[in-house]
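Please keep the viewer open as you read.

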Amino acid sequence: MEWIANPEIWTALVTLTVLEIVLGVDNVIFISILAAKLPKEQQDRARQTGLLLAAGMRLLFLLAIGWIIGLKATLFTVLGQDISGKDIVLMLGGLFLIYKATKEIHEKLEGEEGHASARVAPTFAAVIGQILLLDLVFSIDSVITAVGMTPYVPVMMASVIVAVAIMLFASKGIYGFVNRHPAVKMLALSFLLLIGVSLIAEGLGQKIPKGYIYFAIAFAVFTEWLNIRAGSRTKAKPVQLHQPYEQTKE
């Protein structure tokens with residue numbers, strides 16, 4: 001029980017929990033956008049399942065921490081740039097985020113209403129599969145960051161559990177806010193583009209401090225919040241984004 005009186009452990013726990021929550025915002029935004037494609041009765045389940053799977057993946061990676069650290073080893077060199085397993089995962093994840101965000105922006109703004117309904121709408125399993133793909137990228141990045149902050153694996157695991165519990169509590173509000181305001185949804189997709197670019201840059205050895213990215217995101221959200229407040233006074237109606245898939249009614 002000596003750990004209870006160890007300030008180093010408590011400091012690491014609080015720091016890692018805050019870090020997990022900040023990194024988890026990316027996940028919540030991505031999950032919110034993907035879950036909105038499902039019938040309304042499945043959206044909450046998809047959101048909760050996505051967050052729980054993200055937590056499970058992080059915990060599994062922490063148990064396989066030796067393998068995760070090994071991903072930082074150089075596999076080959078291209079034009080003088082060392083490329084590791086982690087770099088490949090980050091670059092592929094960044095490309096996927098850019099592709100997905102660009103496709104969503106096009107469908108919401110220029111796509112035809114219900115034009116994709118002739119095709120099969122995304123299934124619950126397909127949406128969860130896409131969430132898992134991004135969870136893989138964010139989990140590896142999160143675990144490697146955590147390893148650099150503390151040597152205590154139980155502290156890392158505790159921070160993941162606490163952070164996910166907080167995100168599960170807050171995610172419904174974030175989900176509703178993002179999907180209720182079209183401008184916020186476009187901002188969220190722009191954030192995913194920004195995060196995708198930063199992942200590719202990091203994979204190429206050009207690390208962009210995350211503080212810059214999250215400050216830009218926070219400032220944009222604050223500005224849009226002021227716009228929403230101003231719009232509510234003027235009773236302005238938001239535009240309706242295109243919905244390529246028909247949703248079943250509750």
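Helices here are DSSP runs of H or I with at least four residues, strands are runs of E with at least two, and both are numbered from the N terminus. With that in hand, note that this is a predicted model. The chain has 8 helices and 2 strands, and along the sequence they follow the pattern α-α-α-β-β-α-α-α-α-α.

**Overall layout**

- Of the 250 residues in the chain, 42% are buried.
- Among contacts between residues at least 6 apart in sequence, 84% join residues at least 24 apart.

**The largest nonpolar core**

- This core holds 56 residues, and the members that touch the most others are Phe-30, Ile-68, Leu-97, Leu-192 and Leu-199.
- Two or more core residues come from each of α1 (7-35), α2 (40-63), α3 (65-70), α4 (85-109), α5 (124-147), α6 (153-180), α7 (182-203) and α8 (210-234).

**Helix α2 and its buried arginine**

- The 24 residues of α2 should span 34 Å at 1.5 Å a residue, and the end C-alpha atoms are 36 Å apart, which agrees.
- The buried residues of α2 are Gln-43, Ala-46, Arg-47, Gly-50, Leu-51, Ala-54, Ala-55, Met-57, Arg-58, Phe-61 and Leu-62.
- Beyond its neighbours within four places in sequence, Arg-47 is in contact with Ile-31, Leu-168, Ser-171, Lys-172 and Tyr-175.

**Helix α7 and what follows**

- α7 has 22 residues and reaches 32 Å from its first C-alpha to its last, close to the 32 Å expected at 1.5 Å a residue.
- Gly-205 follows α7 and has a positive phi, near 85 degrees.

- Leu-75 lies in strand β1, residues 74-78.
- Is Leu-75 buried or exposed? Leu-75 is exposed, because its relative accessible area is 57% and the cut-off for exposed is over 50%.
- Leu-75 and Gly-85 are 10 residues apart in sequence, and their C-alpha atoms are 6.8 Å apart in space.
- Setting aside neighbours within four places in sequence, Leu-75 is in contact with Ile-83, Ser-84, Gly-85 and Ile-88.

**Cavities**

- Rolling a probe the size of a water molecule over the atoms shows where empty space is left.
- How many cavities of 30 Å³ or more are there? The count comes to 4.
- The largest cavity has a volume of about 140 Å³, and of its 14 lining residues Asp-26, Asp-141, Ser-198, Lys-210 and Tyr-214 are the closest to its centre.
- At least two residues of this lining come from each of α1, α5, α7 and α8, with α7 giving the largest share, 4 residues.
- By class, the lining of the largest cavity has 7 nonpolar, 2 polar and 5 charged residues.
- The second largest cavity has a volume of about 70 Å³, and its lining takes at least two residues from each of α1, α2 and α6.
- The residues lining the second largest cavity are Glu-20, Gly-24, Asn-27, Leu-51, Ala-54, Ala-55, Arg-58, Val-160, Ala-163, Val-164 and Met-167, which divide into 7 nonpolar, 2 polar and 2 charged.

**The second largest pocket**

- This pocket has a volume of about 310 Å³.
- Its lining has 20 residues, and those nearest its centre are Lys-86, Asp-141, Ile-144, Glu-202 and Lys-207.
- α1, β2 (81-84), α4, α5 and α7 each supply at least two of the lining residues, and β2 gives the most, with 4 residues.
- By class, the lining of this pocket has 6 nonpolar, 6 polar and 8 charged residues.

Key. Residues numbered from 1 in each chain as written. Predicted model: local features only at pLDDT ≥ 70, side-chain atom pairs only at ≥ 80, totals over all residues. Heavy atoms only, no water. Core = buried A, V, L, I, M, F, W, Y, C linked by side-chain atoms within 4.5 Å. Buried < 20%, exposed > 50% of the residue type's maximum accessible area, 1.4 Å probe, protein only. 1 Å grid on protein atoms, 1.4 Å probe; cavity = no way out; pocket = protein on both sides within 12 Å on 5 of 7 lines; lining within 4 Å. Points joined across faces, edges and corners; volume = space filled by probe spheres on them. Nonpolar A, V, L, I, M, F, W, Y, C, P; charged D, E, K, R; others polar. Expected span 1.5 Å × (residues − 1). Contact = heavy atoms within 4.5 Å.
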